[in-house]
Amino acid sequence: MKNPRLEVDLCKIRHNAQTLVGRLTPRGLGITAVTKAVCGNPAIARAMLEGGAVGLAEARLRNVRRLREAGLTCAVTLIRTPMLSEAAEVVRLCETSFNSDLRVISALSAEFCPRRPAHGIILMVEMGDLREGILPEELGALALRVRALPGVVLQGIGANFACFGGQAPEPAIMMALSDIVVETERTCGVILQTVSGDNSANLPWAMGAAPTGRITDLRLGEAILLGLEPVSGDRIAGLHTDAITLVAEVIEAGFKSLPSRAAKATASGRRIRPSRTTRLILALGVQDTDVQGLVMPVGATFVGPTSGHLVVVTQNALPRPGGEMRFQLNYSALMRAMAAPDVETVLRCDRPPTDASYAVADPVLAQH
Ligand SMILES: *Cc1c(COP(=O)(O)O)cnc(C)c1O
């Protein structure tokens, strides 16, 4: 098999999406699955939809093109506010986009084509994250301008938390967002269809007891793909945290003494015992992933990377060149590996099995 490679278990992705949908539906929240970390991989996107996600969200048009070319016809929302220079393609490829600038929205409006439904505009409101977003006091006026433009429809309001500025999505802030929605609806005389809460960082709020108010939707990537809650790093009960594994190949294995460092240590009076650990060199480097985001296998310790190598020490049995080492990875390591040209993606469990047959074989499920 080709190395390095990402092994993606689509059953586990499906299960994670399904479990989250099962928990959030009773709270009145839909899930829009975010595919940016997997570069719009169509099979992974399908697994998320099969798990019950109501639509997909992407940050980059190249990835949306990939989804469309694979035949996906579901609703796609562009969640990175569009570049002015890409307006024409945004309305051609995406049903909806997040926006915070009237010039860009006007450009989207100008691309109006009578054969297409109007492009949905979700206005991003600044709630303390300090990335994109309109100040709450300016939202009503902008919403009215959008309502007056042809070819676009004011579909809703969205917000970011814990993305850039780090404002956590606390219940009081979520309530404030609900109030802003009600106020904007009153100003514009419309009912907004979509109120997009936030990302995986919002899950503690979403799965808690606080009222969900006017929030209709969460955008989830990390939680579905990795089963982790981004702010705490905790695993989410009942979800697989090993749906995606990065595999790298050993290109050198052996014992290695470090003469200069050993000599230094001896000069300072400390005695260095020859270490019995094995030093491995793997064909995986900073050009392939965020090496700091790799979770070392039990018994292995990260030493350092170069552009194309990873040096690891291990107490485990000596793997030979040609042997493999498997890593779990965080979101940053995942998105870099997915985008790296030398990392293959290998899909497992491409066909959905019956739920029952899968649940029995699933130790995580049995635990909960
Ligand atoms: C990446 C992103 C998300 C998804 O975040 P996760 O942590 O993967 O759930 C949601 N919204 C926006 C605007 C994003 O850029």
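In this predicted model, a polar side-chain atom of Ser 200 sits 2.5 Å from an oxygen atom of the ligand. Tyr 331 does likewise, with a polar side-chain atom 2.5 Å from a ligand oxygen, and for Lys 36 a side-chain N or O atom is 2.6 Å from an oxygen of the ligand. These count as polar contacts, meaning pairs of N or O atoms within 3.5 Å (within protein, one must be able to donate a hydrogen and the other to accept it, and residues adjacent in sequence count only if both atoms are side-chain atoms). The protein covers 93% of the 380 Å² of accessible area that the ligand has on its own, with areas taken from the Shrake-Rupley method and a 1.4 Å probe, and with only the protein chains shown counting as cover for residues.

The model is predicted, so local features need pLDDT of at least 70 and side-chain atom pairs count only at pLDDT 80 or more, while totals for chains, interfaces and linings use all residues. Residues are numbered from 1 along each chain as its sequence is written, and side-chain values use heavy atoms, leaving out hydrogens and water.

Which residues are around the ligand? They are Val 34, Lys 36, Ile 79, Arg 131, Asn 160, Asn 199, Ser 200, Arg 219, Leu 220, Gly 221, Glu 222 and Tyr 331, where being near takes a heavy atom within 4 Å. By class, this shell has four nonpolar, four polar and four charged residues. Here Ala, Val, Leu, Ile, Met, Phe, Trp, Tyr, Cys and Pro count as nonpolar, Asp, Glu, Lys and Arg as charged, and the others, Gly among them, as polar.

The space that the ligand takes up is the largest pocket; sitting in a pocket or cavity requires more than half of a molecule's atoms to lie within 2 Å of its grid points. On a 1 Å grid over the protein atoms alone, a pocket is an open set of points with protein on both sides within 12 Å along at least five of seven lines, a cavity is a set where a 1.4 Å probe fits but cannot get out, and lining residues have an atom within 4 Å of a point. The largest pocket holds about 850 Å³ of space, a volume being the space filled by probe spheres set on points joined across faces, edges and corners. Of its 33 lining residues, Lys 36, Ala 59, Arg 60, Tyr 331 and Met 335 are the closest to its centre. Helix H3 (61-69) and helix H11 (331-339) are the elements that give two or more residues to this lining; helices (H or I, at least four residues) and strands (E, at least two) are DSSP runs, numbered from the N terminus. The lining splits into 15 nonpolar, six polar and twelve charged residues.

There are also two cavities of 30 Å³ or more. The largest cavity has a volume of about 50 Å³, and six nonpolar, two polar and two charged residues line it. The second largest cavity has about 30 Å³ of space, and its lining includes Arg 131 and Asn 160.
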